[in-house]
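Here are some exercises to work through with the model open beside you. Try each task before you read its solution.

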Amino acid sequence: MTVMQRLLGASAVLALSAGTAAAEPALIFDLGGKFDKSFNEAAFAGAQRWAAETGDSFREIELTSEAQREQALRRFAEAGANPVIMTGFAFGSVLGEVAPDYPDTKFAIIDMVVDQPNVRSVVFNEHEGSFLVGMMAGLKTETNTVGFIGGMDIPLIRKFACGYAQGVLAANPDANVVANMTGTTPAAWNDPVKGGELTKAQISQGADIVYAAAGGTGVGVLQVAADEGIFSIGVDSNQNYLHPGSVLTSMLKRVDVAVYDALTQGTDLETGFNVMGLANYGVGVALDENNEAIVSYDMLAQVYAAADKIVSGEMMVHDYMSDDSCPALEF
Amino acid sequence: MDVMPKWADALLIPLISIAIAFVISAGVIVAIGEDPMAALNTMVTGALGSSYGWGYTLYYTTNFIFTGLAVSVAFHARMFNIGGEGQAMLGGVGVALVCLFIPFPHWSVALPVALIGGALFGAAWAAIPAYLQAKRGSHIVITTIMFNFIAGSLLVYLLVEVLKPPGAMDPATAKFAASTHLPTFQDMFSFGEKPAFRGAPANVTFFFALVSCFAVWLLIWRTRLGYAIRAYGHSEPAALYAGISPTRIIMIAMLISGGLSGMMAINTVMGEAERLVLNSVEGAGFIGIAVALMGRSHPLGVLLAALLFGFLYQGGAELSLWTNVPRELIVVIQALVILFTGALDNMVRMPLEKLFLLFRRKQPEPATTSPKPAE
Amino acid sequence: MSETTSNGGAASVAAPAIELKGISKAFGPVQANKDIAIRVMPGTIHGIIGENGAGKSTLMSILYGFYKADSGQIFINGKETTIPDSQAAIGAGIGMVFQHFKLVENFTVLENVVLGAEEGARLMPSLSKARKLLTELAAEYELNVDPDKKIEDIGVGMQQRVEILKALYRKAEILILDEPTGVLTPSEADHLFRILKGLKDEGKTIILITHKLREIMNVTDTVSVMRRGEMTATVKTRNTSPEELAELMVGRKVLLNVVKLPATPYAKVLEVENLRVKDDSGVERLKGVSLSVCGGEIVGIAGVAGNGQSELLEVLGGYRRAKGKVHLNGEPIDLTGRKSDGQSRREKGIAHVPEDRQREGLILDFHAWENVAFGYHNAPEYQKNRWLMDNRAIRKDTVGKMERFDVRPPIPSLTAKNFSGGNQQKIVLAREIERNPELLLVGQPTRGVDIGAIEFIHQQLVALRDRGKAILLVSVELDEIMSLADRIIVMFDGQIMGERIAGQTDERELGLLMAGVTDTGTSPLAQSPAGAMRVGNPGQGR
């Protein structure tokens, strides 16, 4: 540590009742807050699992303002927190500036690529997982119409939608995919009422399965689907338990694993580009006692076959973000 | 009736209000099992104990000075401009457009142009409610509130559909060119080896905010326009009698108010983020109302109140960094201060006035009776 | 001073209806009532007289339960009573008629009388009972009102009778009237006094609060004088004189009449032709008014409040749009366009002392010096440079004006609201008169002004007249019009009823004109249709 860092760190330590901040890892949640039943909460779950297994503790902060992004990064880095993990693409540009100032600190960012020597960028192949749940939807549908409800309209969510549509059409070329986005601002991540309304709208268009890739908004989607007696597909965490028999499956995005891995590696965090896809169990399809009755053996066999082909490279699922276009779905 | 001396009205009441707010906050902190003294210590050292802390405190202060002045100017014309939030958003658009599309050689050229851009856009956004109030009698509180929502939606549209670089996920503009980046306190005040204000977002805009305080003071208390604004604000019938046009005053006061709100964007958009993001205003427009109320619509009061709220913001951030006080409770503490200084002013004022009266009665009569004239 | 009755032998006959002992009340540092003692005998009319701010209204508010006295005792019919609220006052048999009536505009007379005193959950029995009582009272005391008319449809005098009926319906034995004649024509006032005498003969006790010496002399049996929160004297009315009362009120000798030489009018300064004004709700307030004012004369506009005088001043002052023609020294004045505002009027040499100085003439929260610049804040002598005002010059000017107009206290930095009514008015007058205007518009120059200041204000107006300037004076105080004006124009319902030369007319004649009664034979400017007698009521409220 430089003298300055020591000084600043000291002032921080002074401010603490228990002066044990140094060397603890830190986790920064984005403005949405950590209890969003989805993305941030998965990260929190991963960290808690780590804490429970190792008995160590970690620092955390939920941001309340834009200016705090850089502030939190710098303060944790200066206080010696290592590694510093953050959830969400919004940290991308800030981390790109801050990381070079703290070469001794390791950073991990989820859902974004930051090209710095001390940063681990964790991205997921959501299109692959979405392709598999799309296949299941395509096989399960009786009306030949399936729905997709996204949260905020950003390329990442279009990536979900595109993979899903490809999967649907691969399994059922006659099917029709209806896609809606909840909104264009971060508020769209947490609007279950609007999610429910969109679900009803899609049901009226004939959809009998909806896939919600919408953070907290998805809770409303799943609820309405269960109330209206159609199937739904959850996202990020395993949401099958929310409405057993109605939630067909969940597209797992193992943010918790990513956080857990980063914490476990600790100060020896492996930096660089970390893609979590089907091959390394970063994404997947949730199967448990809640949905075993509604998923047929035949369906599973086809999904596993497709998964194998994707892992082996025999089959390519188009990634929307690679060229901002989707062959299977119009936005 | 002037029961209390001016200093008590201007200083004692806010101080007592703040003290009460802190005592109640301390109770809240104790209730969740934390140590209030440690929490206060964290806030004070974090916000004021280092150049870094000051860098953040003054950054927030700058925002609040602009929005507080905006509310004050409108308030002198008895216009309750709740629309600072929307005006600052639009000001951000103005600043962003200027910074994105004009190639500036140096920030010193970019700053005045961006100031004009921000002020024009903010003023334009205030102009519509002002016109509706002046000509159609639509209540300014209602229209400015509604315009906040419209501004929010407009900003979403602009960022998502127009200004967002292709392929980006964040609804935000591209980063501004390096030549528009304003010097931060770190750039300005770091001499020798040790960098001061390291990483803090406070920048040259702060000094411009101070200049604005002085300019608003001049405007309100030293110019004909300010005189007319105050006259209209105190009594519309009297203004009519004196030949002061209400329409003109409403329009001008609201344009200045909107312009000041818009200039806030210089600090957040150009000074800190160096790009326009969706929530660059972050409630500063609303905090401005509390700041103006607490500052008694006087630029000096606004400056001090803005400093207090800057301290609360930065202290709150430190609190959530280093303690387990959840961020919702930090908002509660900030809200308590607003509640006591803004809304519950009379709760402190009344007993204090009684106290002053009691104190006065004990003194010999002639010296203390208010200057009620003899016939 | 004549004999006082505060501790006279009359008390042995019966207990006083009301007796106050040692009442004190302070608002902040201001002692509104100081150790007040008063006894009012039953079956008498007791006047309370005093200048604005002398504490009359505070004392009555204490009696009616609006304020709680800091100390002192209240005895009703010899029994000590506490009056915590107005319900208790009503219970003790006290009724109050306020200066500003407390009636529901769109309720009928009957409903207003019953309101708040309904018996039981159903309204009808109360209403029919009240109707019966109303008829009886009407016959007995000349309190005739149509019980089914809505308040907004009846005149002010009638509304006042409703207030009295309300009090009587609540079985009031003691009736307090606060400045009851302020809004009445002379004949309506006479009617009121007949009612009060009738009530007195029935054994009711009446307290009459007023600042008009003439009324005190005419109707009261006893009069108490208040000055600066203290009761300075209580005397038998027949043993005193207006001069003595005025001296007791002010604390020094005052001249009750204006001393002035006959006017020497020059050329016409103001010419008004066929002026028509509609108010915001489309009601025509001025119905073709024509008049002229010459330099060197004071033209007084008499009339009951709300008959278009205010609108006339506002049009001439530049802040109300109108149709018609106005010329100042032969030059046309813009009545509708861009130049019809107060600033343009001032540039042309029209100064204006508005009717309501607190609402229009002053910014009460401004310092005195800021108010001295009010309306003239664009004047070149008040500017330091292109951008900034020269506050020091304004303060210096204020010091001079305060000295010349005897404003007390002469502190330029004092807030306007902290001056007394008279001194506030002097600030306005100083500001307007010292501009040496061609035409001075003056509305209610002495409303709420203490007697001492009235004298001074009248002198200043006459002095301006004698400098050859034109003055248009609007006042609801007939006495003031008669003593100050050279020519008197009477307005009623937005029209000019007649014009008289001051000194060649009397109160009775003007009173008839004010009530809308005119005979075309003697009125040069009469506008009433077909030359017939016209009777009407003076507008609605305002």
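**Exercise 1.** Work out how many residues of chain B are in contact with chain C, and sort them by type.

*Solution.* Begin with the pairs: 27 residues of chain B are in contact with 39 residues of chain C, where contact is C-beta atoms, placed from the backbone, within 7 Å. Next, find the elements involved: α9 (224-234), α10 (236-242) and α15 (345-361) of chain B each give at least two residues to the side that touches chain C. Helices here are DSSP runs of H or I with at least four residues, strands are runs of E with at least two, and both are numbered from the N terminus. Finally, sort the residues on that side of chain B: 14 are nonpolar, eight polar and five charged. In this scheme Ala, Val, Leu, Ile, Met, Phe, Trp, Tyr, Cys and Pro are nonpolar, Asp, Glu, Lys and Arg are charged, and the others, Gly among them, are polar.

A word on the ground rules: this is a predicted model, in which local features need pLDDT of at least 70 and side-chain atom pairs count only at pLDDT 80 or more, while totals for chains, interfaces and linings use all residues. Residues are numbered from 1 along each chain as its sequence is written, with chains lettered from A and ligands numbered from 1 in the order in which they are written.

**Exercise 2.** Describe how α8 (residues 205-222) of chain B packs with α9(B).

*Solution.* First take the geometry: the angle is about 70° and the axes lie 5 Å apart. Axes are lines fitted to C-alpha atoms, for helices over the stretch in contact, and angles run from 0 to 180 degrees between N-to-C directions. The two helices are therefore roughly perpendicular, a label for 65 to 115 degrees. Then list the partners: Leu219(B), Ile220(B), Trp221(B) and Arg222(B) of α8(B) meet Leu225(B), Gly226(B), Ile229(B) and Arg230(B) of α9(B). By type, this contact has five nonpolar residues, one polar and two charged.

**Exercise 3.** Find which residues of α8(A) are buried and what they pack against.

*Solution.* Start with the helix: α8 of chain A covers residues 217-228 and reaches 17 Å from first C-alpha to last, close to the expected 16 Å. Its buried residues include Thr217(A), Val221(A) and Leu222(A); buried needs 20 or more other C-beta atoms within 10 Å of the residue's own. The buried residues pack against several elements of chain A, including β6 (145-152) and α7 (192-204). Just after the helix, Gly229(A) has a positive phi of about 75°.

Conventions. Contact = placed C-beta atoms within 7 Å. Expected span 1.5 Å × (residues − 1). Buried ≥ 20, exposed ≤ 12 C-beta atoms within 10 Å, placed from the backbone. Parallel < 35°, antiparallel > 145°, perpendicular 65-115°, else oblique.
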